[in-house]
Amino acid sequence: MGSGYLILAGAIMLFSWMVSAKLKSKFELYSKLQLRNGMSGAEIAEKMLADNGITDVRVISTPGQLTDHYNPSDKTVNLSEAVYNHRNAAAAAVAAHECGHAVQHAIGYEWLTMRSKLVPIVNVASSFMQWILLAGILMIRTFPQLLLVGIVIFAVTTLFSIITLPVEYDASNRALAWLENKHMLTQEEQAGAKDALKWAARTYVVAALGSIATLLYYISIYSGSRRN
């Protein structure tokens, strides 16, 4: 399993790099596609929220790149400076996607609710999980139960990455449907937004696959120690 896992891990890392590179190139491409309606990412977000009857969510600018997210705890759509201020297809796609999460929150979308409940657990687990797994592997012959504890903790983070998939895909679907139904974009802009979000979603698929593969690897180590 050792060599097999290394091959699998290498393949996933390569695929992850390819998807990330493709995503970067797509966003650079669609960042050059200026919106005919002249709206900024912030204006797109505010209109989508209003059209969905959401009045208690604020749209704010946050520093950095790729820092866009929806925060359900304080009900804010956080857009990176480029998305907040710019008026292109990439900015429209990201802004609408983050508002898709706000819509999920407003209607009580079950997968988002499940993920939100796991966030504090995952945050705590991530701080010491790797140390437990490392110690568990080093002490596999004398104290195999420690590795089992690490596996259970890692399984929670894997579950989180799996639950993230329907949350992200649904947010993108809501964003694209709204953009199309409200005739916010031209056909070319709509196609660009769809393509950009498609590649963004694939980064979560790669992350989930990597987490599953790693979990199976740790399980195989534990199972092997039980047979020996």
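Student: How many residues separate β2 and β3 in their hairpin?

Tutor: Four residues lie between them, and Lys-75 in the turn has a positive phi of about 50°. The model is predicted, so local features need pLDDT of at least 70 and side-chain atom pairs count only at pLDDT 80 or more, while totals for chains, interfaces and linings use all residues. Residues are numbered from 1 along each chain as its sequence is written, and side-chain values use heavy atoms, with hydrogens and water left out.

Student: Which strand pairs with β3 in the parallel sense?

Tutor: Strand β1 (residues 58–62) does, over five bridges. Asn-78 in β3 is the bridge partner of Ile-60 and also of His-69.

Student: Why is one side of β1 and of β2 left without a neighbour in the sheet?

Tutor: The open sheet has the order β1-β3-β2, with mixed pairing. β1 and β2 stand at its edges, each with a single partner strand, so one side of each has no neighbour there.

Student: How do you know that β3 is largely enclosed?

Tutor: Buried means under 20% relative accessible area, exposed over 50%, and partly exposed in between (1.4 Å probe, protein chains only). Five of the five residues of β3 (residues 76–80) are buried, so the rest of the structure largely encloses the strand. Thr-76, Asn-78 and Ser-80 are on one side, Val-77 and Leu-79 on the other.

Student: How do you know that the length of α4 agrees with its residue count?

Tutor: The expected span is 1.5 Å times one less than the number of residues. For the 19 residues of α4 (residues 89–107) that gives 27 Å, and the end C-alpha atoms are 27 Å apart, so the two agree.

Student: Why is α4 described as largely enclosed?

Tutor: Because 16 of its 19 residues are buried.

Note on methods
Helix = DSSP H or I, 4+ residues; strand = E, 2+ residues; numbered from the N terminus. Pairing = 2+ DSSP bridges.
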